[in-house]
Amino acid sequence: MKRIKTIIILFLVCIAAFSKTLTIASYNVENLFDLNHDKTEYDVYTPGNWNLTSYKTKLKNAAFVISKINADIISLQEIESQTAIDDLNSQLKRNGLIYHRAFVKNPKQPIGVGLLSKYPVVNILQYSVPNTRPIMRCDIAVENDTISVFSVHFPAKRHPESERIKAANVCKRAIDAMLANQNYEYYITGDFNSDFDEFARSLSQGTDNSNGKTGINHVLKTLRSANGKPPQLSLAPLDLGEHFNPWIEKEMDERWSYIFRGNKNTLDHILFGQNMTDTTNWRYIYGSFSHFIIPEIIKDGKPYDWQHNQSTGVHYNSGYSDHLAVFAKITNENISQNPKIQEPIGLNGWITNHALAELKFAQNTPQGFPVYQLNTKKIPSTASVAKIIAVAEKNYAPLEMAVRGLGSFSVRSRVKTAESDNKWSYSSPAIKQITSQAKYGAFKSENWTNFTLLPEVLAGDIVEIEIRVQKETPLNIQFCVENLNGWYRHPKARKK
């Protein structure tokens with residue numbers, strides 16, 4: 001009996017020794033350049049502007065954040081060189097963290113992608129993407145298992161979506177090749193320069209040049225989209241090639257890692273494939289994903305980015321990064337769990353287009369249509385503060401907006417065609433009629449007020465709507481556009 005007990009105890013000890021939960025993360029450190037002049041640097045990081053004091057401060061600040069995250073595996077973006085990641089690793093060692101490291105770069109690009117791991121990196125592969133950063137695959141040995149990490153930094157938002165689609169296709173082919181040869185658990189992480197609901201935002205952002213197709217949602221299949229049905233984000237059980245994006249587990253106010261033109265964006269991601277959302281071997285722990293925030297890296301409600309003067313090139317040797325890191329936990333323990341999905345999926349294409357405006361989801365109507373809260377401060381001159389460009393899923397006669405709150409504002413709308421843009425139609429709850437020029441009037445009501453935006457919209461029409469505020473007039477309204485819930489590219493869209 002004593003021997004049996006000993007065997008059981010040893011067996012349990014062995015299980016406990018192999019039973020692990022890892023923290024994985026991704027962090028865009030914002031331009032960690034070394035002191036060597038390679039002639040690919042951005043101007044403000046060339047000799048004379050970028051010096052030893054600035055470099056040491058940047059290394060110390062980046063290492064501070066990484067140390068606080070204390071991830072087992074962390075992917076890094078905007079690293080200039082092997083020297084830079086080596087120096088960062090030395091700083092982390094002084095902080096008490098020991099990491100293996102990996103780095104790849106396109107020699108013609110200023111920056112590359114890196115990775116730090118507390119476990120051995122047994123294989124590093126580089127996949128070239130034309131005119132941008134390469135994709136790096138690192139195979140990491142965790143006990144007797146291998147976990148593959150695909151680290152990415154897709155082309156910036158200023159580029160059209162077709163450029164991010166190219167990068168996503170390279171990543172997809174790399175994953176397909178791996179799965180054809182090794183059955184490794186894997187995840188994709190990094191700065192995708194794409195929102196988790198990019199399919200809904202790309203038209204409004206002016207980046208759509210691919211008929212609604214996006215790299216993150218369609219190529220990497222974080223979205224399920226069937227003809228004639230509204231798109232749904234991919235949830236387990238996943239099909240092969242699909243990926244779960246845990247941003248959909250976060251409350252709306254917590255869904256961001258970057259702020260661009262006043263908009264909270266989810267540019268940084270960790271995507272999990274079929275074999276990391278099943279019930280065998282390594283898997284993502286639902287609800288563990290988040291952005292990383294501590295007081296030191298936030299200033300005025302935004303990421304405390306590295307401080308420098310773009311015009312003069314002077315570095316002020318303070319700040320951290322313009323991105324927040326994101327992290328999640330994975331485990332090889334046999335746990336029972338379900339995803340904690342938050343609604344709504346997103347803002348259905350609405351974006352703010354002014355730094356002094358804030359837009360967020362407020363509630364759903366009894367019919368299930370989303371209501372948004374739009375607030376602005378006193379804006380120096382009359383300006384557009386929120387807009388949407390969307391494809392109508394059905395006919396609307398008329399297309400209406402409901403609003404409540406207070407402010408002096410005007411809404412302009414039009415149907416866009418390939419040949420030319422139709423003229424704007426203007427309307428407001430104060431005027432309650434369509435006019436050819438903007439007419440502002442003070443509006444104040446606690447009750448919902450409906451007014452017409454366009455007399456007719458047909459399925460497949462591309463419609464543009466902008467909310468404009470008057471100079472020095474703050475706005476505090478809730479609004480809902482009739483049936484504007486999940487507009488998507490209708491299979492019967494009219495050819496323009």
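**Cavities**

I listed the residues around the largest cavity: Lys172, Ile175, Asp176, Tyr186, Val219, Leu220, Gly241 and His243 line it. I note that the model is predicted. Helix α4 (residues 161-181) gives the largest share of that lining, three residues. Sorted by class, I get four nonpolar, two polar and two charged residues for the largest cavity. Its volume is about 50 Å³.

How many cavities of 30 Å³ or more does the structure hold? I found three. The second largest cavity has a volume of about 40 Å³. Its lining is made up of Tyr27, Ile297, Pro303, Tyr304, Tyr320, Ser321, His323, Leu324 and Ala325. Here the classes are seven nonpolar, two polar and no charged residues.

**Thr207**

Next I looked up Thr207, in the loop between α5 (198-205) and α6 (215-219). Is Thr207 buried or exposed? Thr207 counts as buried because its relative accessibility is 6%, and the cut-off for buried is under 20%. Leaving out residues up to four places away in sequence, I list its contacts as Lys157, His159, Pro160, Glu161, Arg164, Glu198 and Ser202.

**Strand β26**

I then turned to β26 (residues 462-469). Seven of its eight residues are buried, so I log the strand as mostly covered. Which strands pair with β26? Strand β22 (residues 383-391) is joined to β26 by eight bridges and runs antiparallel to it. In this pairing I noted Val391, whose bridge partner in β26 is Ile462. Strand β23 (residues 399-416) is also antiparallel to β26, with eight bridges. Ser413 stands opposite Ile465 of β26.

Note on methods: Residues numbered from 1 in each chain as written. Predicted model: local features only at pLDDT ≥ 70, side-chain atom pairs only at ≥ 80, totals over all residues. Heavy atoms only, no water. Buried < 20%, exposed > 50% of the residue type's maximum accessible area, 1.4 Å probe, protein only. Helix = DSSP H or I, 4+ residues; strand = E, 2+ residues; numbered from the N terminus. Pairing = 2+ DSSP bridges. Contact = heavy atoms within 4.5 Å. 1 Å grid on protein atoms, 1.4 Å probe; cavity = no way out; pocket = protein on both sides within 12 Å on 5 of 7 lines; lining within 4 Å. Points joined across faces, edges and corners; volume = space filled by probe spheres on them. Nonpolar A, V, L, I, M, F, W, Y, C, P; charged D, E, K, R; others polar.
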